[in-house]
Amino acid sequence: MSHLPDLVIAHGTVVNSFGRRAAHVVVDGGIITELIDAAEPVPAAVRTIEAHGLLVIPGGIDGHCHVAQVTGRFRTLDDYRTTSTAALWGGTTTIIDFGIPRDAQETPLDAVLNKKRLAAESRCDVALHGAVVSWDETVPWQLEQLAAEGVRSVKMYTTNRGSTMADGDTVLKVMREMVRLDGLTYIHAEHDAIISDCTEQHAADGRIGIEHLHRTRPQLAEEVSVKETLAMAEYTGAPVYFVHQSTPGAVDLVAKARGRGQEAYSETCPHYLTLDDTVYGSAFPEWYACCPPMRSAETVAALKDRLAAGSIHTVSSDHSCYDLSQKRERTDDVRYMPHGLPGVETRMPVTFTALVTESGGSVEDFVEVFSAGPARINAVPQKGAIVEGFDADLVIFDPATQQTVDGGALHQGTDFSPFDGKTLNGWPAVVVSAGRVILDEDGFHDPGPVGRFVARNGFKEHRDALGVPVSLSTASLTA
């Protein structure tokens, strides 16, 4: 008997960041083995899913997740099983988490190796970023070990003094090492001196509760930090990636740097595209405790314009899974409450709605910021496109289908969503991860702890090896 492929997705409109075509997608052994023109007969397979009238896109890659995160005395309520399950429900098939040292005793290498052990419970594929808080003579060796493990990016915070903040000397020295190791520097950019002074002034005036969060962390603090960091990146020649940019000014600074030839990238998050600072005057302002905070409605609109124009390269969730009981312990003082929002499950519909439904972007644009861009910039091999030889990570959906977010019915390990009650387009109907049908009309099929650790390529190595497809019929991406 001749071998039958595991799966065929028939008659769908396959949408990549570089174009679309009507095709049958053939999957075998967890790999996309063939794309066949939809006018041709459907090949036999163990299972066939009919996708006529539906879109088929690459599985999402969320480049910014915090799993089982510890902040002071607070720990998020998720683990890799929970977060990966929520990711798959939301059309994301690969998450990239952070190994951030919890204290001065935990080294950057130890933090990553600890996360890698925990990730063995993941239901989807996992990659990792490292993190450096302070410089010592062992850091170059540790970064070499991380690179050997396939961890090719390092995050640093320019704020949070006394906990995760890296000083300017550390940032610059790590950037030099990342150039040597062909890596990518991730930056949480907020100017610590401005934020600290502004926060203390608000505290002295008795305006330090959650309803004042947006006033304690001004836009200027973000933009000044981006400008300073870009200067260090230019000086060292380091590729740099700015997480969760919340202002058009910050995005414009990156765009100008790219115009000068720098390798610099802007990420934003779904909440900065859809929620504004009036949420801090709502009945439940603690739902929106995050850093940076929500900005004005005018800023949100301008940020969406930058997304639609292609100036923002990725949209990531910055998933951080505290619950309301933790959030409500210190709503009286934002300095002591845990910051961060759950969002890995809702990233797909919120981003699709903001970019395509509301801003007139194309589905190709959506695929770029949801999957292709995160894969390319983070040097994740064999992901981010539906082409022969790539991992069979696929999402089928009807862009016209709407659902209303019910925070209590999500699978993120917490009891709320900042998007609760919002009606959104772009929910997945079928999710295929590594060739396995995880979500379909019959519900979620837990595959068990099958998620793989993904070793990433070097930044320039990946960029130089990634061929640009010249046509849909001859598309060839090698990584």
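The model is predicted, so local features need pLDDT of at least 70 and side-chain atom pairs count only at pLDDT 80 or more, while totals for chains, interfaces and linings use all residues. Residues are numbered from 1 along each chain as its sequence is written, and side-chain values use heavy atoms, with hydrogens and water left out.

**Helix packing**

Helices (H or I, at least four residues) and strands (E, at least two) are DSSP runs, numbered from the N terminus. Axes are lines fitted to C-alpha atoms, for helices over the stretch in contact, and angles run from 0 to 180 degrees between N-to-C directions.

| Pair | Axes | Angle |
|---|---|---|
| H4 (168-180) and H7 (219-236) | within 9 Å | roughly 40° |
| H3 (139-148) and H4 | within 10 Å | roughly 40° |
| H12 (347-357) and H13 | 10 Å apart | about 135° |

Let's start with H4 and H7, whose axes cross at roughly 40°. These two are therefore oblique to each other (angles under 35 degrees count as roughly parallel, over 145 as roughly antiparallel, 65 to 115 as roughly perpendicular and the rest as oblique). Their crossing is right-handed, a label used when the near helix is turned clockwise from the far one by less than a right angle, with anticlockwise giving left-handed. On the H4 side, the contact (heavy atoms within 4.5 Å) is made by Gly168, Val171, Leu172, Met175, Arg176 and Val179, and on the H7 side by Thr229, Met232, Ala233, Tyr235 and Thr236. By type, that contact splits into 7 nonpolar, 3 polar and 1 charged. In this scheme Ala, Val, Leu, Ile, Met, Phe, Trp, Tyr, Cys and Pro count as nonpolar, Asp, Glu, Lys and Arg as charged, and the others, Gly among them, as polar.

H4 also packs with H3, again with axes crossing at roughly 40°. That angle makes H3 oblique to H4, and the crossing is right-handed. H3 brings Pro140, Leu143 and Glu144, which meet Val174, Glu177, Met178 and Arg180 of H4. There are 4 nonpolar residues in this contact, no polar ones and 3 charged.

Then there's H12 with H13, packed at an angle of about 135°. That makes H12 oblique to H13, and this crossing too is right-handed. From H12, Arg347, Met348, Thr351, Phe352, Leu355 and Val356 meet Val363, Asp365, Phe366, Val369 and Phe370 in H13. The tally for this contact is 8 nonpolar, 1 polar and 2 charged.

Glu358 sits in the loop between H12 and H13. Setting aside neighbours within four places in sequence, Glu358 touches Lys304 and Thr353. Its C-alpha atom is 35 Å from that of Ala233, 125 residues away along the chain.

**The second largest pocket**

H13 turns up again in the second largest pocket, giving the most to the lining with 5 residues. A pocket here is an open set of points, on a 1 Å grid over the protein atoms alone, where a 1.4 Å probe fits, with protein on both sides within 12 Å along at least five of seven lines; lining residues have an atom within 4 Å of a point. The volume, about 280 Å³, is the space filled by probe spheres set on the points. Of the 16 lining residues, Gly310, Ile312, His313, Glu368 and Arg376 lie nearest the centre. H10 (297-308), H13 (363-377) and H14 (459-465) each supply at least two lining residues. The lining divides into 9 nonpolar, 2 polar and 5 charged.

Most residues other than glycine have a negative phi, and most peptide bonds are trans. Cys291 and Pro292 are joined by a cis peptide bond, with omega about 0°; Pro292 is in the loop between H9 (270-274) and H10. Gln382, a residue other than glycine, has a positive phi near 65°, and lies in the loop between H13 and strand E18 (394-397).
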